[in-house]
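Dear colleague,

Please find below the sequence and structure for your records. My notes on the cavities and salt bridges follow.

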Amino acid sequence: MISKFRALAVASLFLTMGIAAHAQSGELPAAQLAVIKAKLAQRVPELPPVESARSTPVAGLIEVKVGNQIIYTDANGEYVIEGQLLETRTQRNLTEERMDEINKVDFANLPFKDAIVWKNGNGKRRLVIFADPNCGYCKHLERDLQQVKDVTVYTFMIPILGDDSRVKVDNIWCVKDRTLAWRDWMLNGSAPAKAFGMCASPAQRNLALSQKLRVNGTPAMFFEDGSRLASAASAAVVEQRLSKASAKVGG
């Protein structure tokens, strides 16, 4: 989105902020935040509005939340850096950690009644997925998830890829065994039977929920610790994230 600024990253990091580190993190004073908001709005109008800003462990480097992403700037908003902030000593990805914190969801209170549910093994670990039935990446993820053990998967169907997606969402939801219909379609390509009679699918509620959670595409995954993964991933990556989330919630 702001790729023209990437070439400034190294220069701005060392010229305007030096190499000092381990500064205290915290919210910026209101006056400084106002300066950064005004300057970025004027100079980088394609950016979403600045929602918040705070200092980072790197002296002089300011973390700025714009929309559902993080960028970095100096204390006066003269430079913009788009990228990942890594702590070399510990190999921690501080940007990823902050994004997890900012985008954390209240997993336990999601409306699971509106989801397709299936499980492998004891189903002790839980995973939420937002998926469109016509999404190729979602189908690939569904196949990969068959390798993941001891998990319960809740799929919120959202029709974002056209009218046919809405038709499939309604048809899948309205059959007697919606889980079987979902898996037959996603794994085997067997189209669901046409729904007849009165049946209210949760398509609109799921769309509203996805917008509230800032789901911008499918598949999007949410784990029990409230963290998210906004893309398809291999079974190994999903397994790692499930284990991490389970450890955090004491599973």
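**Cavities and salt bridges**

Arg125, Arg126, Phe223, Glu224, Leu242, Ala245 and Ser246 line the second largest cavity. A cavity here is a set of points, on a 1 Å grid over the protein atoms alone, where a 1.4 Å probe fits but cannot get out, and lining residues have an atom within 4 Å of a point. The model is a predicted one, in which local features need pLDDT of at least 70 and side-chain atom pairs count only at pLDDT 80 or more, while totals for chains, interfaces and linings use all residues. Residues are numbered from 1 along each chain as its sequence is written, and side-chain values use heavy atoms, with hydrogens and water left out.

The second largest cavity holds about 30 Å³ of space; a volume is the space filled by probe spheres set on the points, which are joined across faces, edges and corners. Helix H8 (235-249) supplies the largest share of this lining, 3 residues. By class, the lining has 3 nonpolar, 1 polar and 3 charged residues. Ala, Val, Leu, Ile, Met, Phe, Trp, Tyr, Cys and Pro count as nonpolar, Asp, Glu, Lys and Arg as charged, and the others, Gly among them, as polar.

Two of these lining residues, Arg126 and Glu224, also form a salt bridge, with their closest N and O atoms 3.1 Å apart. Arg126 lies in strand S9 (residues 125-131) and Glu224 in the loop between strands S11 (220-223) and S12 (228-229), so the pair ties together parts that are 98 residues apart in sequence. Helices (H or I, at least four residues) and strands (E, at least two) are DSSP runs, numbered from the N terminus. A salt bridge means a side-chain nitrogen of Lys or Arg within 4 Å of a carboxyl oxygen of Asp or Glu.

The largest cavity has a volume of about 40 Å³. Helix H4 (136-145) gives the most to its lining, with 3 residues. That lining divides into 7 nonpolar, 1 polar and 1 charged residues.

The whole structure contains 16 salt bridges. Among them, Lys39 pairs with Glu78 at 2.8 Å between the closest N and O atoms. Lys39 is buried, with a relative accessible area of 19%, whereas Glu78 is partly exposed at 38%. Buried means under 20% relative accessible area, exposed over 50%, and partly exposed in between (1.4 Å probe, protein chains only). Arg54, Glu63, Arg98 and Glu101 are linked in a network of salt bridges.

With kind regards

Methods
On a 1 Å grid over the protein atoms alone, a cavity is a set of points where a 1.4 Å probe fits but cannot get out, and a pocket is an open set with protein on both sides within 12 Å along at least five of seven lines; lining residues have an atom within 4 Å of a point.
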